[in-house]
Amino acid sequence: MASFVGPPVPLPKNGYKAYEDPSFIKWNKRDAHVTLRCQDSVEGSLRYWHERNKVNLLASQSAVWDDDAVSQALDCAALWVKDLPFVKSLSGYWNFLLASSPASVPSNFYDNSFQDSTWDKIPVPSNWEMHGFGRPIYTNVVYPFPLNPPRVPDDNPTGCYRTYFNLPKEWEGRRIFLHFEAVDSAFHAWINGVAIGYSQDSRLPAEFEITSLCHSCGSQKQNVLAVQVYRWSDGSYLEDQDHWWLSGIHRDVLLLSKPQVFIMDYFFRSNLEKDFSSADLQVEVLIDDSKETSKDNFLKNFTIEAAVYDTGSFSDSDGQVDLLSADVCHLKFCPPPAGVLGFHGYMLSGKLKMPKLWTAEHPNLYTLVVTLKDASGQIIDCESSQVGIRMISKAPKQLLVNGQPVVIRGVNRHEHHPRLGKTNLESCMVKDLVLMKQNNINAVRNSHYPQHPRWYELCDLFGMYMIDEANIETHGFDYTGHFKHPTKEPVWASAMLDRVIGMVERDKNHACIILWSLGNEAKYGPNHDALAGWIRGKDPSRPLHYEGGGSRTTATDVVCPMYMRVWDIVKIAQDPNETRPVILCEYSHAMGNSNGSLDEYWKAIDTTFGLQGGFIWDWVDQGLLKEGSDGTKHWAYGGDFGDIPNDLNFCLNGIVWPDRSIHPAVHEVKYCYQPIKVSLEDGIIKITNTHFFDTTEGLVFDWTLYGDGCELGSGILSAPTIEPQKSFEIKWESGVWYQLWSSSSAAENFMTITGKLLHSTRWSESGHFILSSQIQLPVQHESIAHVIKVKDATFSSEITEDAIRVSNHKLWEIKINKCTGAIDSWTVEGTRVLQKGIFPCFWRAPTDNDKGGESKSYYSRWKAANLDAVSFLTESCTIGNKTDSLLEVAVVYLGVVKHKEKTVSESKDSDVLFKINVGYFIHGTGDIVMKCNVIPTPNLPPLPRVGVEFHLDKSVNHVKWFGKGPFECYPDRKSAAHVGVYEMNVDDMHVPYIVPGECSGRADVRWATFLNKEGCGLFTSIYGESPPMQMNASYYTTEELDRATHNEELIKGDYVEVHLDHKHMGVGGDDSWSPSCHEKYLVPAVPYAFSIRFCPITSATSGHDLYKLQL
């Protein structure tokens, strides 16, 4: 059944620009339908799914992200049609020419006689920009061409493709269809010189019947397929998503063979009893009988049958594959009810007792097989798919899956491969799902378009709730006063509706889809009401999602704001007039060093009725591989390809890098999303299972007790199986750990409780950690301020006009510059370990979030206040108390703006941003206690940091610390980090964000050692009543991190720059375009006082021992 819309012969050579007519969206294109397998037997169908479902963790290990991906894409195309006798992939290397515009396309290039031997070769599927033809363009909102709908530029790159194929002899007498899974953005196609159709919508299939145009099956004469692809079309106005603009045939091209009468579509539904004890199953089947002369007699000549097979029972008790015996329900034909007008498809129904329900926690699947038989009972056509039995419903302020208000722990996911662009690989899709499942992510929003058909099968199989989203975004219209958004224009209605229909019809049988989305950032208008009405009529079993128009219109069944602050979503949830649940469609914008305050959102979600989760923006940094001038490849972003306009690095918002290495923030995501919660309150340890369907039977719980970072003991935590939504409690004092704790002399004790898998799963090996929580234990001893326990140690000192020299034989030597008050050098056992320092510091290399908000951004306010240009003048340096074992030096620094730098006597009060009083207390032990009093000038903005900076010799490159870790963490992103003792090389501490900025910090540090390979170096710790510090050590200076625009541009310094911060501002992340750091993580410009201890360390001592000496 084909769709004819618009002029009868809309060919480019006629001068008619189909690609600039929004009322003309397709020609000769068949109606949208589910993915067809074109099978010929029930057993063959079951075997196909039995093999296809074997995918697991191992598949992810073959994911490739470099040039090898090009050949693997072709391998995947062959893999996906394996064992399908009537499906043939045309993927491979095609002849290709890129014309500068449609007008420049070679005349009659689609004719069989046209000579294409001089053309280039290009792999199909692919985006042509990823193979050196044209350039990728990245924009977020602005269209990459002048906004003048429906027209597009005359300079419209046009790809001309040609390939050749033969039809198998076995297909003789059957109908032939040409199926494009997706082409960006619009195209015409020809077979053997004859036009077969036109289509647009870059993310959905286009299918044409070509039976009469092909050479006979088995013929040696090759058929010629020619395709003309337009980079821009009127459809591009509906595809203004925040991602790379890439063109071409980017998904597979298939030949489908069907009998003269065949199954063209089917819709599986299930209706569960209230107690879920049985399910009424129904499948609506559409038959293409257009070749039958007598349609009224169809049922006399043909029989439609359907059966459901238990996919999990394909093997018998001996492990032998026994496919047909897995039949659990035969669906019987239902005559159409009397009085119903029109044709509604052929209905079959049946009842399944005690169905295995599908959820993300338990993704139980069945195989549905639909057969068409002729009058003799011979199967002439067969279609099949994986189906799940589950019920999506609504309750006041709740979205229910099988009657339970599941919590959405989600991410947004663009289709993105750093080498292939929009082309997909099986192994890479599996890699995404494995990482998501391993990090407690249970939901994905297809942002912002329908994705590859295999993605849905994998989400069904692995267990992932999904929002399927229509390929509609018109964000760029926000910035024009001349044109209405398409949703308010009738001329765009059919194009918008066609995109929604195509999505629903293709994907309707996938269990993973729990919400249909009308698109993204396309405002709200009458066309959206039409889209919502169509879906609700077609599929009332799934609610709707749409954020446009304020996220609370009648076109959405969930309140789905983006980037709303946590206190505002709580207000909506508590609004008695709002009966819909709140699910954030986008939140926690992961741009660079970000995702601060994620735990604040989850404290609210976990405790507020009506808040049901959200989707982090987003999954992967959309960096593309680009070769540099030196031949090495790096991640590129907007503008790196000379693309104009562009939105720079706004495409880098992922929690994983383009090669799916994880950002440090993933640890925070995993912690906040972990379904098993642990707490200690009023002497009770409570373990809560927040799952709705899964027990803890498959987990083993362990505990480990730490005192001052040292392990005191560990064991298995004996807990019964915890049912869904239930808790297990144990008195703290009754545990085996209690005696260890009570006998510990440590100042701080922590217990870590972990839960790991007992058995391997599809997405993980056994032993994988589902949860890891650390609880701080009660303090046994009264808190005592940190002080040095003085030993009978003396030093020699020498004071000259310019310097102070203090030493202890050959163990250590400190030189202080009397003019600057700075420590010029510090040697330990004859090795210089400190090169420069120790100076106050208030600046950090700005992050993407720091820069968000233009003139209101933290960065702009810091720059306006000259915080990036502070230089320290020494007002005074005086020697105080001096004995054989103690020397006191007092230094007063004035922090002034560099371009106003004068002598102290010339400096005006208005030039001074900070006054810092520093006291050095040098002990005979080699300890230096540095006491700082910081007095900022009034009216400064919140500060990046308050602390000290010093430079170590580059050989002092081994860091060990007692604090949060082991991964990067910051004051507002540290819930997942445990307090412990960790060690790492300076190189390994660096976090290679694609755009450099502040990074590599570790929070809540009590002590740290910086050592060379001989074990010599410096020890530093909190002192007195000062709280734990923020620590950072890097070969890259703050200035260098600020200067470089790409990680690979960073140049290492000749020393290690160390920061020890009394206060450090959070990284923020509610969004990246406004000041978003929560107030409690800001560092107001007020006076601060803190103390830090420094002392030399050798291989004969340890950081732990030195720390204990001051307790």
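How many cavities of 30 Å³ or more does the count come to? In this predicted model, the count comes to 11 cavities of that size. The largest cavity holds about 240 Å³ of space. Its lining is made up of 23 residues, and those closest to the centre of the cavity are T35, R37, E181, L254 and P453. Helix 6 gives the most, with three residues. Sorted by class, the lining of the largest cavity has 12 nonpolar, seven charged and four polar residues.

The next topic is how helices pack. Two packed helices are described by the angle between their axes and by the distance between those axes. Both values can be read for helix 7 (residues 493-507) and helix 8 (residues 526-538), whose axes come within 10 Å and cross at roughly 30 degrees. Angles under 35 degrees count as roughly parallel, so helix 7 is roughly parallel to helix 8. The crossing of this pair is right-handed. On the side of helix 7, the contact is made by A493, M496, L497, V500, I501, V504 and E505. Helix 8 answers with N527, H528, A530, L531, W534, I535 and K538. By class, the contact of helix 7 with helix 8 has 10 nonpolar residues, along with two polar and two charged ones.

Helix 9 (residues 566-573) and helix 10 (residues 598-607) form another packed pair, with an angle of about 15 degrees and axes 10 Å apart. This angle makes helix 9 roughly parallel to helix 10. The crossing of helix 9 and helix 10 is right-handed. Here V566, I569 and V570 in helix 9 meet E600, Y601 and A604 in helix 10. How do the residues of this contact divide by class? Five of the residues in the contact of helix 9 with helix 10 are nonpolar and one is charged, while no polar residue takes part.

Helix 10 also packs with helix 11: their axes come within 10 Å and cross at roughly 10 degrees. Helix 10 and helix 11 are therefore roughly parallel to each other. In helix 10, the contact is made by L598, D599 and W602, and in helix 11 by E668, V669, C672 and Y673. The residues of the contact of helix 10 with helix 11 divide into five nonpolar and two charged, with no polar ones.

A few details of the backbone also deserve a look. Which peptide bonds are cis? One of them runs from I644 to P645, with omega near 0 degrees. P645 is found in the loop between strand 34 (633-636) and helix 11 (665-673). Another cis peptide bond joins G965 and P966, where omega is about 0 degrees. P966 sits in the loop between strand 52 (958-965) and strand 53 (978-985). Finally, N108 is a residue other than glycine with a positive phi, near 55 degrees. N108 lies in the loop between strand 4 (92-99) and strand 5 (120-124).

Technical notes. Residues numbered from 1 in each chain as written. Predicted model: local features only at pLDDT ≥ 70, side-chain atom pairs only at ≥ 80, totals over all residues. Heavy atoms only, no water. Axes fitted to C-alpha atoms, helices over the stretch in contact; angles between N-to-C directions. Helix = DSSP H or I, 4+ residues; strand = E, 2+ residues; numbered from the N terminus. Parallel < 35°, antiparallel > 145°, perpendicular 65-115°, else oblique. Left-handed = near helix turned anticlockwise from the far one by under 90°. Contact = heavy atoms within 4.5 Å. Nonpolar A, V, L, I, M, F, W, Y, C, P; charged D, E, K, R; others polar. 1 Å grid on protein atoms, 1.4 Å probe; cavity = no way out; pocket = protein on both sides within 12 Å on 5 of 7 lines; lining within 4 Å. Points joined across faces, edges and corners; volume = space filled by probe spheres on them.
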